[in-house]
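Hi,

Here is the structure I promised to send over. Have a look at it first, and my notes on what turned up follow below.

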Amino acid sequence: MENDYQCTAFIITAVLVETESIRKLYPSWKRVNNSGDNQAYYETFFEKDGERYRIVTAQQSVMGMTAATVLTMKAIEAFKPKYVVMSGIAAGTGDDAKQIYGDVIVPDVIWDYSTGKFVGPDETEIRFGDLGFLPRPRSVYIDEGVIELVKSTMGREDNEFHVHIGPLACGSSVVANRAVVEKQVLSLFPKTVGLDMESYSVAFTCQNCKAPRPTPILIKSICDFADSEKTDQYQKFAAYTSAGYTKYLLENILPL
């Protein structure tokens with residue numbers, strides 16, 4: 001099925017600051033039309049060892065898992081990429097003292113922490129005042145070969161990015177309250193390194209579409225820590241580092 005792939009990578013972004021960083025990676029993006037689809041797609045190429053490789057990118061119409069699913073499926077159907085890469089920003093959990101703004105997160109497992117049942121406070125250990133939440137988390141695992149390649153970049157002299165590998169929590173809401181991180185995320189997956197709003201859907205769609213299935217890779221950089229001090233101050237920097245590491249992986253590490 002590998003010969004059925006029509007481009008090397010499709011890069012998905014969720015918000016404009018992420019899109020702008022991806023578009024700055026190469027000077028030669030051109031608009032691509034997909035008949036019957038009003039989504040704006042852009043393509044470019046890079047060369048390696050005498051070969052030319054195609055990259056296509058698009059931004060979701062809105063944030064969240066539903067839009068991520070729709071765009072991922074359309075991208076797979078239209079462009080048949082070998083890799084679907086989501087590049088962008090995320091919240092760090094702050095559970096690792098070594099996490100700082102701009103650090104890159106590449107999850108080996110992504111889990112949906114927002115699925116479950118709202119119950120009375122006496123029915124669960126996860127309580128928010130008079131409200132209780134009984135979780136029913138679902139997980140998707142990223143290809144072990146990809147994770148080993150990411151691990152191989154850690155400490156390399158040509159890699160200027162600080163990378164964390166671990167579980168990424170995905171949910172349908174922006175989190176700016178440390179209690180949610182402590183009670184609803186770290187209590188279930190203590191080693192969770194970050195939170196976002198789209199990654200679960202991207203990975204799930206890639207793993208459940210019809211063949212040839214692309215390999216999903218999620219590359220998110222820390223822009224805040226999902227607490228009351230959450231601001232947009234570091235979003236541009238985080239988008240820059242996630243885009244930079246995306247380019248580094250594509251041009252130097254991943255099998256093409």
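**What I found**

Among contacts in the chain between residues at least 6 apart in sequence, 75% join residues at least 24 apart. Bear in mind while you read that this is a predicted model.

First, the overall picture. The chain has six helices and 13 strands. Its C-alpha trace spans about 65 × 45 × 30 Å along the principal axes. A compact globule of 256 residues would have a radius of gyration near 18 Å, and the chain, at 18 Å, agrees with that. Of the 256 residues, 53% are buried. The chain exposes about 12200 Å², and carbon and sulfur atoms supply 48% of that area.

The largest pocket holds about 340 Å³ of space. It is lined by 22 residues, and the closest to its centre are M63, I89, V174, M197 and K230. Which strands each supply at least two residues of that lining? They are β5 (81-92), β12 (194-196) and β13 (215-224). By residue type, the lining of the largest pocket divides into twelve nonpolar, three polar and seven charged.

Now for A176, which sits in the loop between β11 (163-170) and α4 (178-186). Is A176 buried, exposed or partly exposed? Its relative accessible area is 41%, so A176 is partly exposed, as that value falls between the 20% and 50% cut-offs. Leaving aside neighbours within four places in sequence, A176 is in contact with A226, D227, S228 and K230. K230 is also one of the residues closest to the centre of the largest pocket. A176 and A91 are 85 residues apart along the chain, and their C-alpha atoms are separated by 9.3 Å.

Most residues other than glycine have a negative phi, and most peptide bonds are trans. Here are the places to check against that.

- A226, one of the contacts of A176, has a positive phi of about 55° although it is not a glycine. A226 lies in the loop between β13 and α6, and it counts as buried because its relative accessibility is 0%.
- D49 also has a positive phi, about 50°, and is not a glycine either. You will find D49 in the loop between β3 (41-48) and β4. D49 counts as exposed because its relative accessibility is 72%.
- A211 and P212 are joined by a cis peptide bond, with omega about 0°. P212 is found in the loop between α5 (199-208) and β13.

Cheers

Terms used:
Residues are numbered from 1 along each chain as its sequence is written. This is a predicted model: local features need pLDDT of at least 70, side-chain atom pairs count only at pLDDT 80 or more; totals for chains, interfaces and linings use all residues. Side-chain values use heavy atoms; hydrogens and water are left out. On a 1 Å grid over the protein atoms alone, a cavity is a set of points where a 1.4 Å probe fits but cannot get out, and a pocket is an open set with protein on both sides within 12 Å along at least five of seven lines; lining residues have an atom within 4 Å of a point. Grid points are joined across faces, edges and corners, and a volume is the space filled by probe spheres set on the points. Helices (H or I, at least four residues) and strands (E, at least two) are DSSP runs, numbered from the N terminus. Ala, Val, Leu, Ile, Met, Phe, Trp, Tyr, Cys and Pro count as nonpolar, Asp, Glu, Lys and Arg as charged, and the others, Gly among them, as polar. The radius of gyration is taken over C-alpha atoms; the globule rule is 2.2 Å times the number of residues to the power 0.38. Buried means under 20% relative accessible area, exposed over 50%, partly exposed in between (1.4 Å probe, protein chains only). Contact means heavy atoms within 4.5 Å. Accessible areas come from the Shrake-Rupley method with a 1.4 Å probe; for residues, only the protein chains shown count as cover.
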